[in-house]
Amino acid sequence: MAVKDDNKQVLDFNLQMEKQTDSFPMLQVLNNDGEIVDGDALKEAGLNEDQLVELMKQMVFSRVLHERSTKLAKQGRLGFYAPTIGEEASQIASNYAFEKGDWLFPGYRDIPQLVMKGWPIYKAFLWSRGHYEGNEFEDVNGWMPQIIIGAQYVEAAGAALGLKMRKQPNVAYAYTGDGGTSQGDFYEGMNFAGAYNAPAVFFSQNNEYAISTPRKLQTKAPHLAAKGWAAGLPSLVVDGMDPIAMYLASKKARQWAVDGNGPVFIETITNRLGAHSMSGDDPLRYRTQEEIDEWTKKEPLIRFRKYLEGLGLWSEEIENDWTEVVNEQIDDGVKQADGIDKQKISDFIEQTLEVPGQAAQEQINKFRGEGK
């Protein structure tokens, strides 16, 4: 090709836009009907029958936890709660690919992953209520759910660098929504991890709405994955309603990072089928019921249930029995959270600094003397 032809391509802006659109095919293994569409990818995922059943159980756990948390929020027994219905594959199947020694940095919608890593359910409820014990982690390689949009990317980048410096065979991984990709911390975290070749895996759960703002109004990028390329990261687009595809992509990304190749960015095409949060959001003010119904047909529990039933590994009876077990665990978590002493004003002041100053100590003594 002549130099002048190369120059024509450089200046062909329409061609650049076409390449952006075509550069990210979506990874899918299991379609909406629960049928395998890529047998080689299924084999590469390497999930045996026990693992398939365990993954389904964890996804059902997440759905039941969502249903119970929604009811508790409506009863005024939780503080902030962000629904997770529809994102079970994006969250749980990706999390399933990581190991206990890996560090999880979640957003506020990523409570299920933390619970799967061993965070007690009662602490999840305490966190929602704003109780300090909800931010205490013991024997769990995870951090408190981040409320600041995208800030968990920066935290994960720092932790990943620490893992590299300590020569630990683990990764840090973080989740944000599509709205998080509009924040500075999103790019800064990926850029930092990439510059230092740190072992991190970054997820953006593209559910099409940052609260009420459609993705198309947030960015002109046809794929959020292109933003990972901007930081020099290998980047994937994955069917976020497909648990097998999510597991495979996460497994491969983790191995790439552990092998010393640096971070990976994964955009998951998913959808929250309800409100952004239980704090007064009404999704029908900015989207239609028809759109929600169409996404519901793609939801992960339906397709994975069909697939496992076809293998003879799952049934309505198995799911009902497991749901009873999960509800009992959640009941215990509610009781334990309700049994924790409520915070007092003196507690808030005392916990602000490791060693309270003179003025703070005087306030602590004053409020304690008043029983507050």
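Me: How many aromatic pairs does a search of the whole structure find?
Reply: The search finds 14 aromatic pairs. Rings of Phe, Tyr and Trp (its six-membered ring) pair if their centres lie within 6.5 Å. This is a predicted model, where local features need pLDDT of at least 70, side-chain atom pairs count only at pLDDT 80 or more, and totals for chains, interfaces and linings use all residues. Side-chain values use heavy atoms, leaving out hydrogens and water, and residues are numbered from 1 along each chain as its sequence is written.

Me: Phe98 and Tyr173, stacked or edge-to-face?
Reply: Stacked, with 3.8 Å centre to centre and 5 degrees between the planes. Planes under 30 degrees apart count as stacked, over 60 as edge-to-face and the rest as tilted.

Me: Where do Phe98 and Tyr173 sit?
Reply: Phe98 is in the loop between α5 (88-95) and β2, and Tyr173 is in strand β3 (residues 172-177). The pair links distant parts of the chain, 75 residues apart. Helices (H or I, at least four residues) and strands (E, at least two) are DSSP runs, numbered from the N terminus.

Me: On to the sheet. What is the strand order?
Reply: β1-β7-β8-β4-β3-β2, an open sheet of six strands with parallel pairing. Two strands pair if DSSP finds at least two bridges between them.

Me: Which strands stand at the edges?
Reply: β1 (26-27) and β2 (103-105). Each has a single partner strand, so one side of each is left without a neighbour in the sheet.

Me: And how many bridges join β1 to β7?
Reply: Two, and the strands run parallel. β7 covers residues 235-239. Met26 has Val237 in β7 as its bridge partner.

Me: Helices now. At what angle do α7 and α14 pack?
Reply: About 50 degrees, with the axes of α7 (residues 121-129) and α14 (residues 316-338) 8 Å apart. Axes are lines fitted to C-alpha atoms, for helices over the stretch in contact, and angles run from 0 to 180 degrees between N-to-C directions. That makes α7 oblique to α14. Angles under 35 degrees count as roughly parallel, over 145 as roughly antiparallel, 65 to 115 as roughly perpendicular and the rest as oblique.

Me: Is the crossing of α7 and α14 left-handed or right-handed?
Reply: Right-handed. A crossing is left-handed if the near helix is turned anticlockwise from the far one by less than a right angle, and right-handed if clockwise.

Me: Which residues of α7 meet α14?
Reply: Ile121, Tyr122, Phe125, Leu126 and Arg129. Their partners in α14 include Ile330, Gly333 and Val334. Contact means heavy atoms within 4.5 Å.

Me: How close do the axes of α4 and α14 come?
Reply: Within 9 Å, crossing at roughly 50 degrees, with α4 spanning residues 49-74. That makes α4 oblique to α14. α4 passes α14 in a right-handed crossing. Among the α4 residues in the contact are Val60, Phe61 and Val64, and those of α14 include Trp322 and Val326.

Me: What about α8 and α9?
Reply: The axes of α8 (residues 151-165) and α9 (residues 184-195) come within 7 Å and cross at roughly 15 degrees. That makes α8 roughly parallel to α9. The crossing is left-handed.
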